[in-house]
Amino acid sequence: MEFLSLTKHNIESEHICCALGAKQYEQAVAEKKDWLTARMEEGLVFYRLNERAKVFIEYLPAEMAWVPIEAPNYMYINCLWVSGRYKGKGYAKQLLDHCRADAVSRGMDGIVHVAGRKNYPYLSEKRFFTHMGFAVVDEAEPYFQLLAWKWNEQAAAPAFAKREPLFLQEKGVVIFYTEQCPFAVGVLDELAKVASRKNVPFRAERITTRAEAQQAPTIWTTFGLFYNGEFVTHEIWSGNKFEKWLDELHASRN
């Protein structure tokens, strides 16, 4: 099948794979498109299968990435997603090969990506990347790992940015998020309503600049949920899962 590159000239008329056909995420998808268009000026590439499917890769120079890493002259993969009946057909390798060829053509030293110590929702499966040549080059609590595929052995090793440990001086739920994922944006109202019913303080803080993202309290800046100052999860919870967690938390303290 053919692949298609989205550009600022065709992005309005093309789908971006995320939240395909889900009416409740239409506004969030529009915000994601705006975010992508702005990043395209900074070298971002969105390359997808030319089908209505969740088969795509999104990447940009690591210096421009909205994530706290230090990886000069590397390409950073925001997301590589192959889902449903399209799995097992070699599409992930083709997408990664496209990214590598692009990085090589730009004179870069390698590619970096964030994964987890084990498989987690919304994070890539590490096993695929290590099979393709990536290696773990750094770790950050509680479970994040930085993977790198380096073809210039003289290049510096990428790393997570050095930051002071941050404990939020705030009670209740605080969520940091960006417009990088429609699911993260689209679920916030639902989570806020659950928190209101449970009388739990709730605040969602949108990360609006790359500088903010690179100093963010969470590694995966797409979504990070904190409770009473401590990191809980990067996973974009549904309202039902969030409510169940709050109920279990309340029960454990009584």
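Okay, let's start with a strand pair: strand E10, residues 173-177, runs parallel to E11, and five bridges join the two. One of the residue pairs there is Tyr177, whose bridge partner in E11 is Arg206. Before I go on, keep in mind that this is a predicted model.

So what sheet does that pair belong to? It's an open sheet of four strands, ordered E11-E10-E12-E13, and the pairing is mixed. At the edges you have strand E11 (202-206) and strand E13 (230-233); each has a single partner strand, so one side of each is left without a neighbour in the sheet. From one strand to the next, the twist averages 30°.

Two helices to look at here. Helix H5, residues 188-197, lies across E10, E11 and strand E12 (223-227), and runs at about 160° to E11. Then there's helix H7, residues 239-252, lying across E10, E12 and E13, at about 20° to E12.

Zooming in, strand E2 (residues 45-49) pairs with strand E3 (residues 55-61) in the antiparallel sense, over four bridges. In that pair, Arg48 stands opposite Phe56 in E3.

Is Asp102 buried or exposed? Its relative accessibility is 17%, and the cut-off for buried is under 20%, so Asp102 counts as buried. Beyond its neighbours within four places in sequence, Asp102 is in contact with Val45, Tyr59 and Met75.

Last stop, the largest pocket, with a volume of about 940 Å³. It's lined by 39 residues, and the closest to its centre are Cys79, Leu80, Trp81, Leu123 and Ser124. Which element gives the largest share of the lining? That's E5, with seven residues. E3, E5, H2, E6 and helix H3 (126-132) each supply at least two. By type, the lining divides into 23 nonpolar, 10 polar and six charged residues.

Technical notes. Residues are numbered from 1 along each chain as its sequence is written. This is a predicted model: local features need pLDDT of at least 70, side-chain atom pairs count only at pLDDT 80 or more; totals for chains, interfaces and linings use all residues. Side-chain values use heavy atoms; hydrogens and water are left out. Two strands pair if DSSP finds at least two bridges between them. On a 1 Å grid over the protein atoms alone, a cavity is a set of points where a 1.4 Å probe fits but cannot get out, and a pocket is an open set with protein on both sides within 12 Å along at least five of seven lines; lining residues have an atom within 4 Å of a point. Grid points are joined across faces, edges and corners, and a volume is the space filled by probe spheres set on the points. Ala, Val, Leu, Ile, Met, Phe, Trp, Tyr, Cys and Pro count as nonpolar, Asp, Glu, Lys and Arg as charged, and the others, Gly among them, as polar. Buried means under 20% relative accessible area, exposed over 50%, partly exposed in between (1.4 Å probe, protein chains only). Contact means heavy atoms within 4.5 Å. Axes are lines fitted to C-alpha atoms, for helices over the stretch in contact, and angles run from 0 to 180 degrees between N-to-C directions.
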